[in-house]
Amino acid sequence: MNIAAEVTSAQAEARAHWQAVAQAEVAPFARQIDREAAVPEAVMAALREAGAFASGFPEAFGGPAGAQGDPVGAALAHGALHEALGRASASVQGVLNVHHMGGSALARWGSAAQKAHWGPLLTSGATRCAIAITEPEVGSDATAVRTRAEVDGDGWVVSGEKAWITCGASADLFVLIAASAAGPVALLLPREAPGLSIAPIPDMLGCRGYAMARLILEDVRLPGEALLGKPGFGVSHVAATGLESGRHNLAWGCVGLAEACRQAALSHVQRRAQFGEKIAEFQLVQQLIARMSTEIHAARLMCRSAAVARGQRAMTAAKEATMAKYFASTMVGRVAKDAQQLHGAAGIGPKTPLEMYFRDARIMEVIEGTTQILEVMIARFSYQEGPA
Ligand SMILES: Cc1cc2nc3c(=O)[nH]c(=O)nc-3n(C[C@H](O)[C@H](O)[C@H](O)COP(=O)(O)OP(=O)(O)OC[C@H]3O[C@@H](n4cnc5c(N)ncnc54)[C@H](O)[C@@H]3O)c2cc1C
């Protein structure tokens, strides 16, 4: 399949739509978001208005019209949204990403009543969702979570602590993973639940608009209908669905961030002159431009292939999302560093966005599975495939 050539007019339209929305409504605020470590409400309102919260969800859940008839087109359009957001502001891409992660877990594993209740709230953006797996002592090994959910009559009592939660300080609803007697469970935790306290985490290296926080749960009582999926499904099914969606979205977001770096580099090298020549004419500069252009193109093709697999619900969808995230998140680190290098001192100083891009790019290899964990996963996928 020639993935590059298969761009329909509807797909091109979706790309143009999200690029226009992100450049007009998000990009002008990127530096402010980084400085103030918060996304202005006006930005979130514009994204709600444009339909960004609904993107990627099934039509029956409140997703975009036509998604059912053209699931591949819908997956590609969703990727285009995350690429456009990543280019405009990695922070905003992450905020939408955790919403889509938590929401996709709910859309996949929710009961009919849960979907009917939460679908319209999540797709309109009236309720902002996040996903809470990590704990102070539990990171890559999510199955070892210590937050405890005990059955209490018809409901649950939950105690423990979650760490490093994107939108912990701003989300209205958390898909929370906890340990129970029946194995890991996923529970829907509203922000206003009595016994939940939220401690913001300031001074993050990058993606400062993520509104990071710790969640401290002390005997939080949740009703029986807070359970998402079956007891025991918390990590293997519910969190896995959210993480697969997150890897797919983040891979596209990394392509967007890398493209922002590349565009900045292209305009700088064609303007800046040294030794009597535009630095764009030096072959060592051209080498960096050639590498970043090629790597971004390769990552975008991997993202497109992963989106096609996702839309087709292909057996390879999880593997492709994992590989795309692995490649794109390491690629954006190299591109951000090289783009900064091409700017010389200007890339380190406060007047160009290069230092922000560089800090934001560092985050990508840690979230949605570290690079090392993804390498383990890709090796396992490869072993499962066996010889051709
Ligand atoms: C900006 C940011 C946003 C985040 N948002 C969220 C969120 O919204 N929700 C949430 O639940 N979590 C979130 N996290 C947490 C994130 O998912 C974890 O940081 C990540 O899973 C790694 O866990 P850890 O930090 O505890 O590192 P550890 O798991 O302790 O790993 C430390 C190091 O050991 C390596 N390592 C661990 N196990 C293996 C292995 N088997 N083989 C090889 N190497 C290994 C890792 O790759 C890493 O280099 C966020 C983190 C950050 C930084």
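Predicted model: local features only at pLDDT ≥ 70, side-chain atom pairs only at ≥ 80, totals over all residues.
## Domain layout

The protein is divided into three parts: domain 1 covers residues 9-127, domain 2 covers 130-234, and domain 3 covers 235-385. The centres of domain 2 and domain 3, taken over C-alpha atoms, are separated by 30 Å.

Domain 2 and domain 3 also touch, with 16 residues of domain 2 in contact with twelve residues of domain 3. On the side of domain 2 that touches domain 3, eleven residues are nonpolar and five are polar, while no charged residues occur there.

## Surroundings of the ligand

The ligand is surrounded by 20 residues. The closest of these are Ile133, Gly139, Ser140, Thr370 and Gln372. Sorted by class, the shell holds 14 nonpolar and six polar residues, and no charged residues.

Three secondary-structure elements each supply at least two residues of this shell: strand S1 (129-132), strand S3 (155-165) and helix H11 (371-385). Because domain 2 (130-234) and domain 3 (235-385) both give residues to the shell, the ligand lies between these two domains.

## The four-stranded sheet

Four strands form an open sheet in the order S2-S3-S7-S6, and their pairing is antiparallel. Strand S2 (148-152) and strand S6 (196-200) stand at the edges; each has a single partner strand, so one side of each is left without a neighbour in the sheet. From one strand to the next, the twist averages 5 degrees.

The antiparallel pairing of S2 and S3 extends over five bridges.

When its neighbours within four places in sequence are left aside, Thr371 is in contact with Tyr326, Ser329, Thr330 and Glu365. Of these residues, Ser329 is 42 residues from Thr371 along the chain, yet their C-alpha atoms are separated by 8.1 Å.

How values were computed
Residues numbered from 1 in each chain as written. Near = placed C-beta within 6 Å. Nonpolar A, V, L, I, M, F, W, Y, C, P; charged D, E, K, R; others polar. Domains from an automatic or database assignment. Pairing = 2+ DSSP bridges. Axes fitted to C-alpha atoms, helices over the stretch in contact; angles between N-to-C directions. Contact = placed C-beta atoms within 7 Å.
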